[in-house]
Amino acid sequence: MDLLTDRQGSVARAGDGRAIVAGRRSVAGSVSQRACTFCGSRVVLYPIADALHLVHGPVGCAGYTWDIRGALSSGPQLHRLSFSTDMREQEVIRGGEKSLAHALRVLIGRHRPACAFVYATCIVGVIGDDVGAVCRTIEAETGIPVIPVASEGFKGTKKDGYAAACGALLDLMGRPGAGGPTIPKSVNIVGDFNVAGESWLIRSYLERMGIEVVACLTGDGRVDDIQRAPRAALNLVQCAGSMTRLAKAMRDRWNIPFEQVSFIGLEDTAAALYKAAELVGDADTLARTRELVRSEMAAVKPELARLRTDLEGRRAALYVGGAFKAFSLVRALRQLGMRTVMAGTQTGGGDDYEHLKSLVDPDTIIADDTNPLELAAFLQSERVDLFIGGVKERPIAYKLGIGFCDHNHERKIGLAGFAGMVSFAREVHATVTSPVWSLMPRQRVAP
Amino acid sequence: MLDQTPATITERSALKVNPAKTCQPVGAMYAALGVHGCLPHSHGSQGCCAYHRSHLTRHFKEPVMASTSSFTEGSSVFGGMANLQQAFQTMFALYDPEIVAVHTTCLSETIGDDIPTIIAKSRDEGKIPEGKVVVHANTPSYVGSHVTGFSSMVAGFVKYLAASTGTRSNAVNLVPGWVEPADMVELKRYTAAFALPTIMLPDTSSVLDAPATGTHAFYPKGGTTIAQIRAMGDARHTLALGAWASTAAAEQLRKQCQVPFEVLDLPIGLAATDRFVSALASLSGTAVPQAIEDERGRLVDVINDMHQYLAGKSVAIWGDQDQVIALTEFCRDMDMKPVHVMTGGHGQAFEERVKALLADSVPDANIRQQGDLMLMHQWIKNRPVDVMIGTTYGKFISRAEDTPLVRFGWPILDRVGHSYFASVGYTGGLRLATQLITAIQERQDRDAPDHALELVM
């Protein structure tokens, strides 16, 4: 297809030797699939279930992020309510600090949260509300941490929002009473959001290996656990794009080493568990890990083999948030006998794309921050059978008569870990072999 | 655990808990999708556009195309002119729209970007190709609600495009209000039944209910055309359905092109549809077609048949002003008791209108504009209802209070059907009535002890 000149640096075939230009803002005027800084902060902090999440700004930002992420909590459900200061014209003129303070007092009094996060939206940055000062005042009054999140939408990309969220988490960990002596044989799970209960599964593996999970950041998150997080012996960083910054800061501040891992797919899950055992465990841990991996693999392999027979040679495209998920998915798809013919991310960096290229075939299309026109063209020209993406991409795939798997907020079944690989394979199998495709006209570019 | 609402109601200022509205730009985007070949453009941060597209997709399960100015820290200081100019170049080069509909956001409004000036400058500098159309609407998120944005965008199309040639046509303008694609189809069927040449703006049918074809149409086949919008200026009359969503466009047509107008309620339910039908009859100078009369008769028949299940049932209704007013009247006419009636949008006139509707039947009803779902939940805790009518967000209340919810309005994120089956007109009323009756009967069945379970209902 013809690409806009500005987009040419962002799309390449894996084998054509061109580096991908990444980390740029979307070209103004493009139908970008990306969101903003606020979105990045909101999705990272959202799963902390005993915290109050107050969105300071006009009502929209709170409305659109109300319970949209299937990040499950085993206890409190406070994170599933939507709180907005509902900024009106008079606050835009006179400032919104008073109404922010009022809202915090009312909500903290009513819900007694373990802490409060206050998200600044675009307009707050422009009118110059001193959110930090309000937070300090309310913190002094209420005695709970009240943490400003500098998430003004225009400040950057979603990635900058992750950074603001990491800043807020560090703020929480740095409070008096937080931290303490290192707990032996312990880890934090960093960058898993417990979508469809995935953190629970990962936690259960680690516990079976004899490793204590101090905190999950932020899936099924609790403020107390997060404040204990500096005591862990290792950070296992899953969503590298959003959380590596936090892991680095924790390394610098509390000497906690970190390891980038993934729990998507069998190979990556096994590698992650062995890594954890090797870094914080002993001989017993390693033995238990071997046993766990052996039994879990044995349990899932027959079903995967059965599903693979229908999937062998099928062609997949993926467009996901972060690069690490893309790496894992390429490997997971290969395990199912499928080829990744197009791979793109919203927030990948230049190095990520180089690594991605090394995982795929030379003619695989690699795209940073793509748009629906490009996507539709790639899906057709590459004769794709399966598209993996998020909410905005799903209907495009269906219109084209292509199977779809949501690997984003709206996935309903956990896709992580060994058991998750089977769920993933079943979901892929169900959509790729759906009888519906035979009912619709399938207009594809001839091979 | 999901129920975290205290029953005691205390006054709150500047705090919405579980909002019953969203912001203006998403309404502007929905309106613009109802114009053929139009690319809605969000002049603000990337997230606004992404959120609006996602939310519309969740409601319609359809692709939604719109572009963004992708504001940066720099644009928030120096203004968004450079972004918008770049955006015009990108949009026309890459997506080739016939028309671009720019709406603002809280950010660009606060910075004070002057959109008409930027459009004029871009045109002078050749950044908007010859023959391409750009319109705009100011949609500050901190004023009104998504309905305001919808209304302003529809008026914006009129303002930029409608023109009178000096010769009146036989056409009637129909501003349908914020309704579903299926409603738009049904409204066109009504005017066709009266043989009234009609221009409807906007028209999201065949856009947000597009069939699976094996291709992705970036611009689906539906939508009001630019030529049609231009011709609205010559029309002999404008019917505006829904005061909040449609008055602005009708008023603009009168001001700009001297087209007389009348504002009617959304034709949801029996009485409101009667008024719509009367208006069509008087505009066309013809009697009501028998087919339409028969549809009316069927609706009345079903209400009669099922009166014993409807009579006296208390109902809570929330949503957008125009819809809630029509639904309240419809429920009242079916002998139900709307005891809690709320909109997240604004307007004292809403409270006055609903109060007048319920003056005889439910004089003590709770009625509120600018409410939220926390307030609605509190009302219901203090005075339980038999059934609720509202958006998906009511499912939390439905679960907490074990009260059936009939989904209606924007947004519906957890069911399908709303975009494919009309709620307007008599047949739409029949669908609504059957949904309500079914909800009530299923509850009765579920709760009935063995000896009282009714086989025949």
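Buried means under 20% relative accessible area, exposed means over 50%, and partly exposed is in between (1.4 Å probe, protein chains only). This is a predicted model, where local features need pLDDT of at least 70, side-chain atom pairs count only at pLDDT 80 or more, and totals for chains, interfaces and linings use all residues. Residues are numbered from 1 along each chain as its sequence is written, chains are lettered from A and ligands numbered from 1 in the order in which they are written, and side-chain values use heavy atoms, with hydrogens and water left out.

**Exercise 1.** Work out how A:Phe387 and A:Phe404 pair up.

*Solution.* Start with the rule: rings of Phe, Tyr and Trp (its six-membered ring) pair if their centres lie within 6.5 Å, and planes under 30 degrees apart count as stacked, over 60 as edge-to-face, the rest as tilted. Here the centres are 5.9 Å apart with 70° between the planes, so the pair is edge-to-face. Next, A:Phe387 sits in strand β13 and A:Phe404 in strand β14 of chain A, so the pair ties together parts 17 residues apart in sequence. (Strands, E, at least two residues, are DSSP runs numbered from the N terminus.) Lastly, A:Phe387 and A:Phe404 are both buried.

**Exercise 2.** Find which rings link B:Trp410 into a cluster.

*Solution.* Ring pairs link B:Trp410 with B:Tyr30, B:Phe60, B:Phe150 and B:Trp178.

Methods. Helix = DSSP H or I, 4+ residues; strand = E, 2+ residues; numbered from the N terminus.
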